[in-house]
Amino acid sequence: MGYQNLCKGSKRLIKDLNRAIVVNFIRENGPVSRAAIAAYTNLTQPTLTAIINVLLNTGIIHKNGKGESSGGRCPALFEFNSQYGFIAGIKIEIDRVLLGLIDLGGKLLTRHEEAFPRGSTGKQVLKVLKRGLEQLPNPGRLLGIGIGVSGFIDMDRGVVIFSPVLNWRNVPIAAPLEKLYKVPVLLDNDVNSLTLAEHWYGAGRPYQNFVCVTVGTGIGSGVVIDNKLYRGSAGGAGEIGHMMIDPDGHLCACGERGCLEAVTADSFLVRTAQDKGIAHSIEDLLTAATNGDRCAQDIFVMMGENLGIGVKNIINLLNPQAIILGGERMNASPFFLPAFTDMVRHHSFPDVARELIITEAQLGEAGFLIGAGTLVTQAIFEPPLYTGRKPGRNIIYATT
Ligand SMILES: [Zn+2]
């Protein structure tokens, strides 16, 4: 874009920016009075009135009750309308699709799942996805669809570059759905979407810098730096599970040796339990540990220590405020968390370790769906300076 175009566009941009600032202030702090918005934004009275009127007319905010009287008339309070529209949040797993509907406040309204055979192609899963979307109720305006998938994702193009779990390479997901539903479709790594949900609505709310680590079938992480998800140059950031911790170690599903995942994930737990003749499945191992079997408990201790080694490296690299642990294997946290915490706290630099907060994710499985939907919410409310990835995303500000 040339300089002249930039000047022509700047008036409109400032208008859109001001709208974004006002709507986001109301969304994050509402209900708020006109005086509070004016104090925060420094906008002139006529400009602010014009913006509030536009937002009231679109229905994205509404007047709510009365504020505290300062002697005269009670001032109206403005509140964000989280029911303005809805977003479908989706998680594609190895043999099923989870679907949910969330409102603009991140509330999960419904949940549905559709199974598919393992080894299905992208095209086949797209059909399952459409079937699932048709099962969701229609509560009003659908603003977009957000999808989380395990693997490397090209967010700009909405393509799964590589998913070892699904054995997919270069599978376009967003474009076919956008064509069909005529709404923005955003695709991201599933752990990234969980991390986004925890950041907006869960355990990550107080932190600008944190790492969300998931444990279970695989080991993954989402990295938030200065309040933004860090995705890396090709969407591959946070692949903590394939951090090499022993070049001569066990063969990992990715083809390398000694990955963290190979000594931390469920496959490690089951393999070790089988070798020791304790159990043949995760469920049995967990039952044995719960019943006080020391050998079973020791396997979880080993897993906790191994996870601690990987996370310790992340901590020394990024110095986050918090580590948030999530994923399905948190159901065994009483058995591995002490060993994990011990490894992290006693083997990191003292100042870093003392300040670090270790906490559990709050949203559970629903977090994946809420996070996928939040990809769209974030795109909608992102100040227009940072958009431009996809046309037509900014529905709120696009109105005149
Ligand atoms: Zn690996």
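**Figure 1. Aromatic pairs, with the stacked rings of Phe 25 and Tyr 40**. In this predicted model, four aromatic pairs are counted. For Phe 25 and Tyr 40, the ring centres lie 4.3 Å apart and the planes meet at 15°, so the pair is stacked. The two residues belong to distant parts of the chain: Phe 25 is in helix α1 (residues 3-29), and Tyr 40 is in helix α2 (residues 34-41).

Figure 2. Pro 31 sits in the loop between α1 and β1 (32-33). Asn 42 is found in another loop, the one between α2 and α3 (45-58). Most residues other than glycine have a negative phi, and most peptide bonds are trans.

**Figure 3. The open sheet of five strands**. The strands follow the order β6-β5-β4-β7-β11, and their pairing is mixed. At the edges stand β6 (108-115) and β11 (185-189). Each has a single partner strand, so one side of each is left without a neighbour in the sheet. From one strand to the next, the twist averages 20°. Strand β5 (residues 96-103) runs antiparallel to β6, and seven bridges join the two. Leu 98 has Glu 113 in β6 as its bridge partner. Helix α12 packs on this sheet, where it touches β4 (86-92), β5, β6, β7 (142-149) and β11. The direction of α12 makes about 130° with that of β4.

**Figure 4. The crossing of helices α6 and α12**. The axes of α6 (residues 190-201) and α12 (residues 366-381) come within 7 Å and cross at roughly 80°. That angle makes α6 roughly perpendicular to α12. On α6 the contact is made by Asp 190, Val 191, Ser 193, Leu 194, Leu 196, Ala 197, Trp 200 and Tyr 201. On α12 the contributing residues include Phe 368, Ile 370, Ala 372, Leu 375 and Gln 378. Taken over both helices, the contact residues divide into ten nonpolar, six polar and one charged.

**Figure 5. The open sheet of three strands**. The order is β8-β9-β10, and the pairing is antiparallel. β8 (152-154) and β10 (168-172) are the edge strands. Each of these has a single partner strand, so one side of each lacks a neighbour in the sheet. The twist averages 15° from one strand to the next. β8 and strand β9 (residues 159-163) run antiparallel and are joined by three bridges. Asp 154 stands opposite Val 159 in β9. Strands of a sheet pair through backbone hydrogen bonds, either parallel or antiparallel.

**Figure 6. Confidence along the chain, with two stretches of pLDDT under 50**. The protein chain has an average pLDDT of 89, and 92% of the residues score at least 70. Over residues 1-7 the pLDDT is below 50. Beyond near neighbours in sequence, this stretch has one contact in the model. Residues 386-393 also stay under 50. For residues 386-393, the model has 17 contacts beyond four places in sequence.

How values were computed:
Residues numbered from 1 in each chain as written. Predicted model: local features only at pLDDT ≥ 70, side-chain atom pairs only at ≥ 80, totals over all residues. Heavy atoms only, no water. pLDDT = per-residue confidence, 0-100. Contact = heavy atoms within 4.5 Å. Axes fitted to C-alpha atoms, helices over the stretch in contact; angles between N-to-C directions. Helix = DSSP H or I, 4+ residues; strand = E, 2+ residues; numbered from the N terminus. Parallel < 35°, antiparallel > 145°, perpendicular 65-115°, else oblique. Nonpolar A, V, L, I, M, F, W, Y, C, P; charged D, E, K, R; others polar. Pairing = 2+ DSSP bridges. Phe/Tyr/Trp six-rings, centres within 6.5 Å; stacked < 30°, edge-to-face > 60°.
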